[in-house]
Amino acid sequence: MTMLGDRQQLAYIAAQAADARVNVELETEGMTLNIGPQHPATHGTLRIIARLDGEQVVWAEPSAGYMHRGYEKLTEVRTYPQVTALVNRIDWLGSFANEVPFILAAEKLMGVEAPARAQHIRTILFELSRIANVSLFLGDLGVQLGAVTPVFFAFRDREYVLNLIEAATGGRFHPNFDRIGGLKDDLPAGFIDETRMVMKKLRTFCDQIEDLLFGNEIFQSRTRGIGVIPKDVALQYGLSGANLRASGVDWDLRRDQDLPMAWNKADWKVWTHPDGDSFARCWVRLQEVRESTKIVDQLLDTIPAGPVMAKVPKIIKVPEGEAWVSTENPLGEMGYYVVSQGDQGPFRVKIRSASFNNISIVPWVLKGVYVPDIITILASLYFILGDIDR
Amino acid sequence: MNSALIAADLAYWAQSLLRVLGGLVAVLLPAGTVVYLFLFKMMSFMQSRLGPMEAGPYGSMQLFAEVGKWLQKEDIVPANAQPEARIFKMAPLIVLASTFLLVVVVPFGPDAWFTDFEVGIFYALAVSSVSVLGILIAGWSSANKYSLLGGLRAAGQLIAYELPMVLAVIGVVIQAGTMNLQQIVVAQNAGSMFGWNGVGNPYILTQFVAFIIFMISVQAELTQTPFDMPIAESELVSGYMTEYSGFRFLIFFIGEFATAGVFAMIASVLFLGGWGVPFAWFGWTDMDSIDNWMNVAGPLILFTKMIVLVFFIMWVRFSFPRFREDQLQRFAWKILIPVSLVNIMVTAVLKVAF
């Protein structure tokens, strides 16, 4: 027990109590199943300690931190432009989206605003990384439920999006493209036509996934009514993103916030689902990809002319102050609280990542479910390990 | 039936040797074909990729490369399984043994069979459940929680799906009036429908419900998606196979695909006319008038039918997500068994009526 933290110790005692209760009622012996840190279902190293009674979960507890990289501390010894190279490794599937809130926070402190063209392109790239991220989720959903084929479709079609991001930024996974005051470069020639074509392909992909998975009776029987999170519980646990919208809360920072980005220049819809079960979470994400392709399509039509970089000094020094900016990232609300003391680098950065809060509901939602449903629920909550551990 | 059989003149040991070799071919050839054709190639094409392309033309030697790789690997017994190491090592062999026991009763041609059991299909259904023992032993002796869960799930599932399988076969047995697989084949090919004998009387037409139930049960017996809860790789790592490596894993692997092949053979014997072609095509009337070349053509015909059936098994496997184990139990007990009971009743009534 010396190796365990207080929280785990308490959880262990709770497990013993639960075990004793089960033993009295049914005279059966419980079993502690340790899912992870190395396990095929957890894409990363999340560990879930589950106390089982037969196939039923009596109690479960996520144990994060196996991949902690200390980004909050590392930002303190880097300059502002260098930080983007770090933070886009937090959610590695939608990495451009990680850079944006940090840059926006720094811009807010400096009182700089990116030119309209840069805002447009930022939004386009932001949505492209959302599509790349969530389309992989849609494929991975199949694997978690035992259908091996959809994930290959997802990888195939995500490749088109990654190619676009590479064409624009030079990096497939870690663009490191956002700068304080704008963007590093303008869009390359032919990007707009290419993107339109890819968006069409992605919409076809969404239809395919809907046919393959969402219409499948087995998929529905595995996800409908499983892992239900009511509205008030979702709010109490601080869920965000599609997980919150699937519980019926109409909340989207892209629409609700007034940021120097171009979302309000497009016509799109925030989807919610009243059920709050695994199916709802998956379905909301599917609609999200569709809406994102619509946003990109519309923004491509209206990119204004002009420079992509505002006038900023060569050596960036951010004036003293504190700023909080959060955006609606693929996984949920992602925010940076930046404290500056007038140096070239931040004095302190607090990263609020979506997955860390989203998995905090795991002990609540896993209580009483069957072992196979652990995987369904975790898959539908959709976390990226880098986003939990930072 | 031709009296001038070559095999009948051989000594007992030579006959036995031939039988053993024949059994190996009958188990390993379908397994290899199924793995290459479906697991490697069809799955890849469904997923818009090429599959193995380097080893041999179009990757056809990939299987040998894989077998060679597995044979080189260390035969690991987990530390906690050491006290029962013998049982741990035995489990995959039991699973493979049930496949070999199954193939014994499959008729490949008018004279090409290993044994001609009067109660062939009864025997086949009985020995097919031997594999449950192997799986349960594997799950228990691995001293691994995932393996234990997988083994218990497998035991529950295999026992639950044995029943609809048996009940589906009873329809065929009632219609054919025999349990002998050879005579079931003859009854289908020599039969006629409403006086027309152009395609004989394959029972897939009259026992369509039984065929569907049988194929679903086969899918479950093979623990393939959508019934692969026992090995569910996303939650139980590999279920009862988790702790096996090297050639013991290979034996499980061969067992899985060989059993798929053998079950498909039994299904084609029961429902598609087995090794035979409709006897009317060549003017045959019964077993004795069949030409001798059917002993060569018969296995090929059976093999073709098997490939077609395995195609469907694999198609389902690569397309569907999996059931939860309480859902699949409910599916067996609440849907398949009542439907197959109704099928038996209707078959029996019609058998008496006509």
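Visitor: What should I know about the model and its labels before we go on?
Guide: This is a predicted model, in which local features need pLDDT of at least 70 and side-chain atom pairs count only at pLDDT 80 or more, while totals for chains, interfaces and linings use all residues. Residues are numbered from 1 along each chain as its sequence is written, and chains are lettered from A and ligands numbered from 1 in the order in which they are written. Helices (H or I, at least four residues) and strands (E, at least two) are DSSP runs, numbered from the N terminus.

Visitor: How many bridges join β6(A) to β7(A), and what do these two strands form?
Guide: Nine bridges join them, and they run antiparallel. Together β6(A) and β7(A) form a hairpin with two residues between them. A:Asn329 has A:Gly332 in β7(A) as its bridge partner.

Visitor: What makes β6 and β8 of chain A edge strands?
Guide: The open sheet has three strands in the order β6-β7-β8 (chain A), with antiparallel pairing. β6 (321-329) and β8 (348-352) of chain A each pair on one side only. From one strand to the next, the twist averages 10°. Helix α4 (residues 95-110) of chain A packs on this sheet, touching β6 and β7 of chain A, and its direction makes about 150° with that of β6(A). Such angles run from 0 to 180 degrees between N-to-C directions, with axes fitted to C-alpha atoms, for helices over the stretch in contact.

Visitor: Why is β7(A) called largely enclosed?
Guide: Seven of its nine residues are buried, so the rest of the structure largely encloses β7(A). A residue is buried if 20 or more other C-beta atoms, placed from the backbone, lie within 10 Å of its own, exposed if 12 or fewer, and partly exposed in between.

Visitor: Why is α9(B) described in that way too?
Guide: In α9(B), 11 of the 14 residues are buried, so this helix is largely enclosed as well. Among the buried ones are B:Phe211, B:Phe214 and B:Gln219. The buried residues pack against helices including α6 (145-176) and α10 (246-271) of chain B.

Visitor: What span does helix α9 (residues 208-221) of chain B reach, and what is expected?
Guide: The expected span is 1.5 Å times one less than the number of residues. With 14 residues, α9(B) reaches 20 Å from its first C-alpha to its last, close to the 20 Å expected. After the helix comes B:Thr223, whose phi is positive, near 45°.

Visitor: Which parts of chain A are its domains, and how far apart do their centres lie?
Guide: Domain 1 is 1-67 + 354-390 and domain 2 is 71-352, with bounds from an automatic or database domain assignment. Their C-alpha centres lie 29 Å apart.

Visitor: What makes the two domains count as touching?
Guide: Residues are in contact if their C-beta atoms, placed from the backbone, lie within 7 Å. Domain 1 of chain A gives 23 residues to this contact and domain 2 of chain A gives 33. On the domain 1 side, the largest share, seven residues, comes from α15(A).

Notes
Two strands pair if DSSP finds at least two bridges between them.
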